[in-house]
Amino acid sequence: MAQKGILAKIADEKHELEMTPMIDVTFLLLIFFMCTLKFKVLEGKLGAYLPKDVGAQSTPQEEIEKFKIQLRVLNEGTKMRFSKEAEKLVPVSEAQLEDGFRFEYGDDRRIEYTMGSYATTDLEEVRKRLSQVQKAAIAAGEDSARVEIDPRERTINRDVVRVLDVVIGEDIREINFSGSFEK
Amino acid sequence: MNLAKHDAETDMDMDMTPMIDVVFLLIIFFMVITDLTQQDLEDLQLPLAEQATPDKPDPDEWRPILNIPFNGPMIYKRETYFDPEVKGPNRFDDLRELLVDFARNMEQAPLSDSNPMMVPDEPLLIRADMTTPFRFIQFAMAQAADPSVKIWKLELAVSTPQEENAD
């Protein structure tokens with residue numbers, strides 16, 4: 001009788017799947033992937049150099065001839081910000097600017113690139129000139145032409161990186177910057 | 001009935017599942033916290049460049065990174081070393097000290113074949129937002145080139161066209 005009672009008890013037991021550990025593990029995996037995805041940043045970089053001998057040389061150095069590109073802002077452009085509602089760039093209001101909103105400039109921004117006596121707003125023209133300069137330098141037996149980028153007032157990082165990108169695209173490796181913080 | 005087989009004191013099984021769960025949670029928690037405290041990349045929108053070389057740093061290797069958001073502060077590991085809003089004669093000191101410290105931790109190499117003076121031979125990575133006025137970056141460069149620092153290799157962080165497409 002007692003034997004039968006045990007079997008009947010076993011037969012009556014409910015076999016439920018324990019969900020708690022599965023939920024635990026699922027949450028753990030979810031948190032783990034959320035965290036790792038957030039921190040995975042793949043970026044690129046552009047190299048440039050500063051004068052290596054600043055403060056180190058006591059004797060004056062011979063001035064090396066450099067091809068100078070001056071950047072001047074002709075039109076600053078409309079200040080825009082990305083609107084999540086409109087899913088596009090919209091102009092920023094004065095109040096938002098005062099509140100310290102991050103903004104970027106619209107397509108109407110114009111930069112003038114001056115190389116010697118020649119000035120243009122077309123980066124393609126800059127590319128052509130740089131190509132000639134580089135060819136001339138190589139023909140003269142040098143490894144690379146020397147370029148100096150001189151960003152003037154109100155230029156932003158993007159303006160300079162565009163020029164730097166073109167310069168590096170022409171395989172020019174001797175790049176310097178000029179200008180000062182307080183201008 | 002065989003009571004010896006069901007001794008309550010010897011037959012006790014410990015459920016390990018919650019303990020393992022908690023241990024994993026703690027490990028992940030500390031991993032995330034450590035990552036956050038050591039995070040040296042600010043959330044910035046970098047300018048786009050086609051000629052960029054991919055930046056794949058060794059996570060265990062230290063490298064000097066200066067973040068410059070759109071309004072000009074200079075940040076290293078979440079700490080601001082220069083704030084353009086702050087005025088005063090000593091406002092450049094913290095940044096200069098940081099750069100001197102960077103230079104000291106960099107590998108050194110002779111200035112040239114003829115000049116054995118040792119100068120830092122590793123690049124400083126400047127991560128500036130695409131809308132950051134370039135004068136702030138010039139300022140950081142000028143500080144880096146100072147005779148007390150002598151960092152002459154620079155890298156400007158950019159985003160690559162592949163990244164833009166991926167977004």
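This is a predicted model: local features need pLDDT of at least 70, side-chain atom pairs count only at pLDDT 80 or more; totals for chains, interfaces and linings use all residues.

Reply: Let's start with H4(A) and H5(A), where H4(A) passes H5(A) in a right-handed crossing. Residues are numbered from 1 along each chain as its sequence is written, and chains are lettered from A and ligands numbered from 1 in the order in which they are written.

Helix H4 of chain A covers residues 123–139, and its axis lies 9 Å from that of H5(A), at an angle of about 35 degrees. Those axes are lines fitted to C-alpha atoms, for helices over the stretch in contact, and the angles run from 0 to 180 degrees between N-to-C directions. Helices (H or I, at least four residues) and strands (E, at least two) are DSSP runs, numbered from the N terminus.

Which residues of H4(A) meet H5(A)? From H4(A) come A:Leu123, A:Val126, A:Arg127 and A:Leu130, and facing them in H5(A) are A:Arg162, A:Val163, A:Val166 and A:Val167. A contact here means that two C-beta atoms, placed from the backbone, lie within 7 Å. By type, the contact has 6 nonpolar, no polar and 2 charged residues.

Now for the core. A:Val163 and A:Val167 turn up again among the residues with the most contacts inside the largest nonpolar core, which has 60 residues. A nonpolar core is a set of buried Ala, Val, Leu, Ile, Met, Phe, Trp, Tyr and Cys residues joined through C-beta atoms within 7 Å. A residue is buried if 20 or more other C-beta atoms lie within 10 Å of its own, exposed if 12 or fewer, and partly exposed in between, with the C-beta atoms placed from the backbone. Leaving out residues up to four places away in sequence, A:Leu164 touches A:Leu46, A:Ala48, A:Ile149, A:Ile175 and B:Leu156.

Most residues other than glycine have a negative phi, and most peptide bonds are trans. A:Asp171 has 14 other C-beta atoms within 10 Å, so this residue is partly exposed.

What about the other chain? The contact takes 43 residues from chain A and 52 from chain B. Helix H1 (17–37), strand S1 (53–55), strand S7 (124–128), H3 and strand S8 (153–158) of chain B each give at least two residues to the side that touches chain A. H3(B) makes the largest share, with 8 residues. That side of chain B splits into 32 nonpolar, 10 polar and 10 charged residues.

H3(B) spans residues 134–144 and is mostly covered, with 10 of its 11 residues buried. Among the buried ones are B:Phe136, B:Phe139, B:Ala140 and B:Met141. Strands join the chains too: strand S1 (residues 43–49) of chain A pairs antiparallel with S1(B) over 3 bridges, and A:Gly44 stands opposite B:Pro54. Two strands count as paired if DSSP finds at least two bridges between them.

Finally, the wider setting. Chain A has 5 helices and 9 strands, and 20% of its 183 residues count as buried. Chain B has 4 helices and 8 strands, with 32% of its 167 residues buried. Among chain A contacts between residues at least 6 apart in sequence, 71% join residues at least 24 apart; for chain B, that share is 65%.

Methods:
Ala, Val, Leu, Ile, Met, Phe, Trp, Tyr, Cys and Pro count as nonpolar, Asp, Glu, Lys and Arg as charged, and the others, Gly among them, as polar. A crossing is left-handed if the near helix is turned anticlockwise from the far one by less than a right angle, and right-handed if clockwise.
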